[in-house]
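Trainee: Could we go through this one together? I'd like to see where each label comes from.

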Amino acid sequence: MNQFTNDEYVLAYHGPLLYEARIILAENWDENNTLLGTVGPHYFIHYKGWKTTWDEWVPEQRLLKLNEAGFAKRRALLDAHAKKNRPPSIAGSSTTSPAPATIKGKEKSGKKNETKKRGRESVVETEASFLNRPEVKIIIPEVLKLQLVDDWENVTKNNQLVTLPRKPNVRELLEEYRQFVNAAKKTQERSARATALLSEIISGITLYFDKALGNNLLYRFERAQYVEQKRQNTDKPMSEIYGAEHLLRLFVNFGPFIAYTNIDTESLNILREYINDIMKWMIKEQKRLFVKEYEATSTHYQNLSRT
């Protein structure tokens, strides 16, 4: 059972600190995404006072109830963060010794708080290990960086759109990559586990694409087009509508998406290797996979997109 609900206000971990946020959507993710460590309750949240570009999916362990206990935890994290970044004191500077009464009082309160402190230690250790996870970096090849720049200019500067539906779409593209890998390794011994792992990775990437597209992968100018595609294709996932241009945007954002999931180091390294390999394959097939000309838009669409 989900601990949080739609429209509930919560405290959410982002890096080492807690921020107020609102849950936009609550979902239970199933075994289709086990490689990415995302089984269980997940929530799409908006951080209070932040731009919508920071909206994201988070697992349940990144959220706390918006109550006194949650605020106390946030204050403790702020204090710890401030102390960590405080400049060191000057050597030889004078300090005032506490009065004997204060020391005596601390001894009494120390005994009283000892049990509480021990109870908190295991929680702090768990949160510390969660927050100190290494940053996940996906390196985008220079050729594809230029593709991203052209994509950005066409949409945001030239008021153009990728013509939809794309051929091949994301699902077809990833299936082609699967066939390419299987054909390339046909002469080598390929275990059933390796074949299953590749299928799991492709399913995970496709699922992430479908969940991330509408909230994280679109420029503002594209949103009206997206809404129309959703209206026209109510029974189709967007991975069957969009193509290489938007899949590449997913890879740019993939690091932050998975940094705070439950993925273990070994699975993370495997996933990163496959994403790098997919991008190498996309470079080889660049002329075929990416749209050659973007679609011009009407004045009506441009006005609609600015409202």
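What follows is a short talk about the labels used for this structure.

Mentor: Bear in mind that this is a predicted model, where local features need pLDDT of at least 70, side-chain atom pairs count only at pLDDT 80 or more, and totals for chains, interfaces and linings use all residues. Residues are numbered from 1 along each chain as its sequence is written, and side-chain values use heavy atoms, with hydrogens and water left out.

Trainee: Okay. Why is I139 called exposed?

Mentor: Exposed means over 50% relative accessible area, buried under 20%, and partly exposed in between, with a 1.4 Å probe and protein chains only. I139 comes out at 60%, so exposed is the word. It sits in the loop between α2 (100-131) and α3; helices here are DSSP runs of H or I with at least four residues, strands are runs of E with at least two, and both are numbered from the N terminus.

Trainee: What does I139 touch, leaving out residues up to four places away in sequence?

Mentor: N276 and M279, where contact means heavy atoms within 4.5 Å. The C-alpha atoms of I139 and I275 are 9.5 Å apart, although 136 residues separate the two along the chain.

Trainee: And what makes S239 buried?

Mentor: Its relative accessible area is 0%, so S239 is buried. S239 belongs to the loop between α6 (223-232) and α7, and its contacts beyond four places in sequence include T206, F209 and D210.

Trainee: How do you know that S239 and R171 make a polar contact?

Mentor: The term asks for a pair of N or O atoms within 3.5 Å; within protein, one must be able to donate a hydrogen and the other to accept it, and residues adjacent in sequence count only if both atoms are side-chain atoms. The side chains of S239 and R171 make such a contact at 2.7 Å.

Trainee: Why is the Y19 and W50 pair called edge-to-face?

Mentor: Rings of Phe, Tyr and Trp (its six-membered ring) pair if their centres lie within 6.5 Å; planes under 30 degrees apart are stacked, over 60 edge-to-face, and the rest tilted. Here the centres are 5.0 Å apart and the planes at 65°, so edge-to-face it is. Y19 lies in strand β2 (residues 17-29) and W50 in the loop between β3 and β4, 31 residues apart. With Y47 and W54, they form one aromatic cluster.

Trainee: How exposed are Y19 and W50?

Mentor: Y19 has 26% relative accessible area, so it's partly exposed. W50 has 24%, so it's partly exposed too.

Trainee: What makes the pair of Y177 and F180 tilted?

Mentor: Its planes are 35° apart, with 6.5 Å centre to centre. Both residues are in helix α4, three residues apart, about one turn of the helix. Y177 is buried at 0%, whereas F180, at 31%, is partly exposed.

Trainee: How do you know that K211 lies over the face of W57?

Mentor: A charge sits over a ring if NZ of Lys or CZ of Arg is within 6 Å of the ring centre and within 35 degrees of the ring normal. K211 lies over the face of W57 at 5.3 Å from the ring centre.

Trainee: What stands opposite W57 in β4?

Mentor: F44 does. Strands β3 (residues 40-47) and β4 pair in the antiparallel sense over four bridges, and pairing takes at least two bridges found by DSSP.
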